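Hello,

Here is the structure I promised to pass on. Please open it first, then read my notes below with the model beside you.

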Amino acid sequence: MPPLTFSAPSFDRFPPLNRRPWNILAGLVLLLAVFLSGGLALYQQQERTILREHHEHLHAISRLKIDQILAWRQERLADVRMHSSGMVRLHAQQWLQTPQPHLLDDIHQRLQFFQDNESYANMMLVDAGGRILVTLLPRVIALEPDERALVDQVINQREPVLGDFFHCRHCNEPHVEVAAPIFAGDRVALVLILVADPHRDLYPMLQAWPTADHNAESILVRRDGEKVRFLSRLRHLDHPPLSFHLAMDRTDEPAVQAALGQTGMALGSDYRGETALTDLNKVPETDWFMVTKMDTGALLTEARSRTGMVLLLLFMAVLTAGFLVQLTSLSRRKALSEALLREEREHHHTRGQNRAVLYSIGEGVIATDDAGRITRMNPAAESMTGWTETESLGRPLAEIYRIIDEDSGQPLELPVHRVLRDGITVGLSNRILLIAKDGGHLPVADNAAPIRDERGKITGVVLVVRDQSRHRAAEKARIESTKRYADLVESISDFIWETGPDHRYSFCSTRSFGLLGYRPEEIVGKCWLDFLDREVESPESIERFKQVLAQQQPYSQLCRTFVAKDGGRVVLESSGVPIFTPKGDFQGYRGISRDITERKKGEEEQKQLEAQLLQSQKMEVVGRLAGGVAHDFNNMLTIIGSYVEMSLNDLPEEHRLAKRLREVHHATLHSADLTRQLLAFARKQVVSPRVLDVNETITDALKMLHRLIGENIELVWKPGPDPGQVLFDPTQLGQILANLAVNARDAIAGIGRLTIATRAVDIDEPVVAGEMGIEPGRYVQLIVHDDGCGMDESTLGRIFEPFFTTKEEGRGTGLGLATVYGILKQNRGGISVHSTPGRGTTFTLYIPKTGKNDATFSAIGSALENGGTETILLVEDEKALLELGVAILAQRGYSILTALTPSEAIDLAHTHPTPIDLLVTDVIMPEMNGLELAEAIRCIRPAIKVLFMSGYTADIIGRHGVIDSGICFLEKPFTARSLSKKIREVLHQG
């Protein structure tokens, strides 16, 4: 501030006092009106500014919530896609082909496993008609109307669908469901429904704000006809979700405005009647609307206080101006009336002018004499110090203006003293606290300048004090706003970053430490190429990305593999947009990266499961092909073998053709064995359980097991004393032993030992039986132990899963132990495993004992004769095989009735005049199968006995390939002797 000088005023500058007093009053009123209008405009501008700033904050939070909802929605759809594929879909399609209860149990177990690891309230499998097939909650026996509509929508759209909120009558809670179709060919046969409880994750996510504010909340609503229904919990009303709604005529309510299609900022009365600032948005791909709001009362307090202070200052300025006008008027009248007092009048005029200048300044002004005593003080200074001008006049400045350092709290030298001492202007000082008369502290900034007379002598000092409260408040608000947005950035779980023109990181959020293990300061200054995994990313893809950056183009959902600080691989999905200055200069990129490593792993696992499913489907095709081929091929083998056998019986042993025919017969038997092996591979072989002595069966299989495991592994057999008999197919028991022996061989590196033992056990405790999935009772325990490499806990949990194997590619299919498990379950048995890495593995099998005895059947077999006189109805659609059967049976004295089709057989049953003792029929025939034919003929002749013939049961006379009790069956190919013997056995049974 330059030095202040004073000169005597001239009366010629003043206009004559010829105006009326009312003109002056009108001018003051007009000036006051102008000031009030300006103050009102200032208040409105402040209000708009504050509302706009807070709306930007609300909009950012609203977009965050919408992104979180969309991410939640995509996770639900991804879950239902995953759960509706793989094993659940495979079991469901198998159930559609053969609706067996155990398949639904497998689906239930699979869904229960999913629910134990995820946060769904229930999982259901329903058919296209809405009938519940599988549910994890037994109390849910029928679908809600909303659930039925969701099933219809999935069937129509043929893709996964996320339903809307609805109120469940079973649990009296809101639910959101996601459903996906399961196809049978081209039609949607089943629908998988996952029931999500929004209380677990969606509602907490909506209510979680980056900063705590009891007046702010996010609400999810939708339109229901002429009502707006609130889908989420309300902070200020104790209403459960979905229970509170508003009429559509409440157009002043933000939720109604959102339902009517309004978006962006809105002001209105919320559901409590309180005025609120609101950001309205529609949630994409849904019928939901996001209402993010804050009460306006607290927001506008700051605007009112600012405007009030400005109006107060303006009002004081108007009063000061009026007082100045009145003083000037009096001075001029004195000048006109008393010329002798001119000098004194000039003095009063100068003093009034100085006071007007001081009083019109909005900052605090204090004037002192050359001794530092106060001579003037304007109202602003009075307000700051708490002292009036009257109280302060003549007092030392140090008594009125006391200042301390804001940081240290130590008293500071007054700038006035320095001016008087050094004769210089002291510049603006910050970080000062003024101690007022009442002891309060006010942040101020001050500067001081000397007052000089016409000769340049210092006659005093003027001190200007500026109130820093609003500046500090604005600075604090700016810092808090910066921190708020920084906290918002850091609260996002994704990695937010910014690069410069050279594509080196200039900013990154702290999430980088959680994703890559690097702190932000370790990343800033480096390029994305420094962290890229060069072993995974090809040079071609890197070059293409460089071209995108060189062209300054935006990119989204770009997947790149990075190397973390600990050496691990992290897959990041990144999106970035280029940054330009207002002039168009490129400044770099700003973007966000999300960790999708686990998602990528899930996608790879999905691909593996799809490959396994494809392999399973291929095996199913092979099985069907094998079954069809076996049926026709066994017919031909039966014809060839039987005619060769009959020819050998007619020729003497020394005949020259006998040797050749015996070779043909041997080749026929070998071909029959090959057919059985083909059916066994395709798991279509006929299973015929019979009473076995376990010790004898295993003893007979030891030679085969020795060949499987090799000479470097010792086989130890420890049969228990009389473990008992079991009802089991010997082929299946051999298959179990072979699979366990092969597994033991692969687990033993070098020389080792395989031990097989048996004993009888009684399991009485239901808990122990339940752990192995068997009923309490008497069992034969089969123990298979090897001293191989063993297994860890994670491997033990999956060893019975189909296609799971720890062997290298080409050495195992992953079906061996799954087959063992399936055979035991098929025969009401169980299995347990104990293994320790490096200490071997022990399989303990439980096979139910049986009280049946085969002695009766043996006695019957020994008493069978080669022929008889009974009447036999022979039904076979293969003419050559039919003629063969007639030749065999007629040679043995039977009366034969023949039919090529089931309809011919039924006609013969109606028309033949004498009793028919036995029906011998093929299983697979046109018109109807053998079982249906037998039932039709029994309706005509109830006493007739039935013998079925086939090389492939196709589950017609057996469940899952197991011949039902009471059914007589002859497997093709057969010989003349075996056919004759089987017929006598059936006729001999009473």
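**Notes on the model**

Gln557 counts as exposed, because its relative accessibility is 58% and the cut-off for exposed is over 50%. Keep in mind that this is a predicted model. Gln557 is found in strand β20. Its backbone deserves a look. Gln557 has a positive phi of about 50°, and it is not a glycine. Most residues other than glycine have a negative phi.

Glu927 is another case to check. Glu927 also has a positive phi, of about 75°, and is not a glycine. Where does Glu927 lie? Its place is the loop between β32 (918–922) and α27 (930–940). Glu927 has a relative accessible area of 56%, so it is exposed.

**The chain as a whole**

Now step back. The chain has 990 residues, and 44% of them count as buried. Its secondary structure comes to 28 helices and 36 strands. The chain exposes about 52,000 Å². Carbon and sulfur atoms supply 53% of that area.

**The cavities**

How many cavities of 30 Å³ or more does the structure hold? There are four. The largest cavity has a volume of about 250 Å³. It is lined by 19 residues. Nearest its centre lie Trp497, Tyr505, Trp528, Phe545 and Tyr555.

Which elements give two or more residues to this lining? They are β18 (495–499), α16 (539–550), β20 (555–563), β21 (569–580) and β22 (586–595). Strand β20 gives the most, with four residues. The lining of the largest cavity divides into 14 nonpolar residues, four polar and one charged.

**Ser541, in helix α16**

Helix α16 also holds Ser541. Is Ser541 buried or exposed? Ser541 counts as buried, because its relative accessibility is 9% and buried means under 20%. A polar atom of the Ser541 side chain lies 2.8 Å from the backbone oxygen of Ser538.

**Lys600, in helix α17**

Find Lys600 in helix α17 (residues 597–650). Leave aside its neighbours within four places in sequence. Which residues is Lys600 then in contact with? They are Cys559 and Val571. Lys600 and Cys559 are 41 residues apart in sequence. In space they are 9.9 Å apart, C-alpha to C-alpha.

**Pro443, in strand β16**

Last stop: Pro443 lies in strand β16 (residues 441–452). Its relative accessibility is 15%, so Pro443 counts as buried. What does Pro443 touch, not counting residues up to four places away in sequence? Pro443 touches Ile432, Leu433, Arg466, Asp467, Gln468, Ser469 and Arg472. One more pair to find is Pro443 and Arg431. They are twelve residues apart in sequence and 7.1 Å apart in space, C-alpha to C-alpha.

Best wishes

Key
Residues numbered from 1 in each chain as written. Predicted model: local features only at pLDDT ≥ 70, side-chain atom pairs only at ≥ 80, totals over all residues. Heavy atoms only, no water. 1 Å grid on protein atoms, 1.4 Å probe; cavity = no way out; pocket = protein on both sides within 12 Å on 5 of 7 lines; lining within 4 Å. Points joined across faces, edges and corners; volume = space filled by probe spheres on them. Nonpolar A, V, L, I, M, F, W, Y, C, P; charged D, E, K, R; others polar. Buried < 20%, exposed > 50% of the residue type's maximum accessible area, 1.4 Å probe, protein only. Polar contact = N/O pair within 3.5 Å; in protein donor to acceptor, adjacent residues only side chain to side chain. Areas by Shrake-Rupley, 256 points an atom, 1.4 Å probe, with all protein chains shown as cover. Contact = heavy atoms within 4.5 Å.
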